Each structure stands twice: as C-alpha cells, then as structure tokens.
Amino acid sequence: MPTCEAERRDERTLPVTTHSLETVIRQATAYAKARLSPIVEADPDVAGAMDILNFVLYHENNDTVAVEGQKGEREDGTERSQSSRDLEQQRNRKRARLSDDVNGNTESPKDPTVDLAALLPRIWTELQEAIGEKEIKNICSDVADRALVKSAVQELEEQEKIMVDEETVYLV
C-alpha cells in the first residue's frame, strides 16, 4: 500500500527538459551574481534556484537556502556547506556596518587597509542605495586611497555591472 509520502512524490514527478535545466542554470547564475561571486556554487546558488522552481511548480517553500539564525543546519537537518556559512558571516558583518551607519557612527574602520575585493560589494551597495547613480568622489568616501576606489570602479565597469560617464557612476 503506497504511503502518503510516496503518493506526493508521484504527484511531483515531471520530466526534466532542456528548458527546465536552462532555467535552473539561469537562476543559479542570478543568485551568484547577486552575491557578486564569479562562481556558481551548489549551495547556496543552485539550492536557491531549486527552491524557486519547486515553489513555481508545486507551490512549496522548502527554504533550503541559508537563513539567518541557523547554525550549520537547514530545516531538513542536513548541514550547510562552508561557503554558506561564509556568506552568512559576510552578511552579518555587513549588517553590523549598516547598523553603525544608521546609528550615526561615522568613524572610519580601525584598520585603514582596504583591499579591492572588499571594495567591489561596497561600491555596488552604495550605488543601489543611491538609486543607481553617484559621483566617483562620493563613492567609498571613507577610503583614503582614491586610486584603489577608482581601480575598483574600473573593475566593475569591465565586468559590465556599472557604467562610468565622466565623473558619474551608473548601475547597468
């Protein structure tokens, strides 16, 4: 006699087509781009794409993507990968920085050294908060090394994520 779970799996069975695979690839790539990562990873990118596909096809919300407050385990009991935990730590650091800004703490970081990789997401966030347009001189104004900021802007322009016109930077 089939169980309820077995019947549910039968209801969810659909053939895998090239279109559905392309959809998962596009969604996973979008997740990676949203994280400003050049690499698409199984967890969280593909997991997020599969969540969207499951929701669209079966109206189920599995939440397999890392959620704030979870310490290494998902709701289904499986452990998250190291990249998932790293992403959560990055988000927590960003939240701490943003909460300092909201609370009026305008002090620059204690460590004055900033690397190019750290500037890329900061510039992206600043442009999003400025509704897609900002002057170069106002981007990462707390960073003393303006040449580093300009090289980060050039890097984002080469990745075709932003556009620079004279002294103004635009989101693409």
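How many bridges join strand β2 to strand β3? Keep that in mind while you set up.

This is a predicted model: local features need pLDDT of at least 70, side-chain atom pairs count only at pLDDT 80 or more, and totals for chains, interfaces and linings use all residues. Residues are numbered from 1 along each chain as its sequence is written, and side-chain values use heavy atoms, with hydrogens and water left out.

**Stop 1: the strands.** Select residues 162-165, strand β2, and residues 168-171, strand β3. Four bridges join them, and they run antiparallel. Strands here are DSSP runs of E with at least two residues; helices are runs of H or I with at least four, and both are numbered from the N terminus. Strands pair if DSSP finds at least two bridges between them.

Now pick M163: its bridge partner in β3 is Y170. Go to E166 in the hairpin, which has two residues between the strands. E166 takes a positive phi near 55 degrees.

**Stop 2: T168.** Select T168 in strand β3. Is T168 buried or exposed? T168 counts as buried, at 17% relative accessibility. Buried means under 20% relative accessible area, exposed over 50%, partly exposed in between (1.4 Å probe, protein chains only). Show its contacts (heavy atoms within 4.5 Å). T168 touches E133, K134, E135 and M163, not counting residues up to four places away in sequence.

**Stop 3: two helices.** Select α5, residues 116-129, and α6, residues 146-158. L116, L119, L120 and I123 in α5 meet residues of α6, including L148, V149 and L156.

Note on methods: Axes fitted to C-alpha atoms, helices over the stretch in contact; angles between N-to-C directions.
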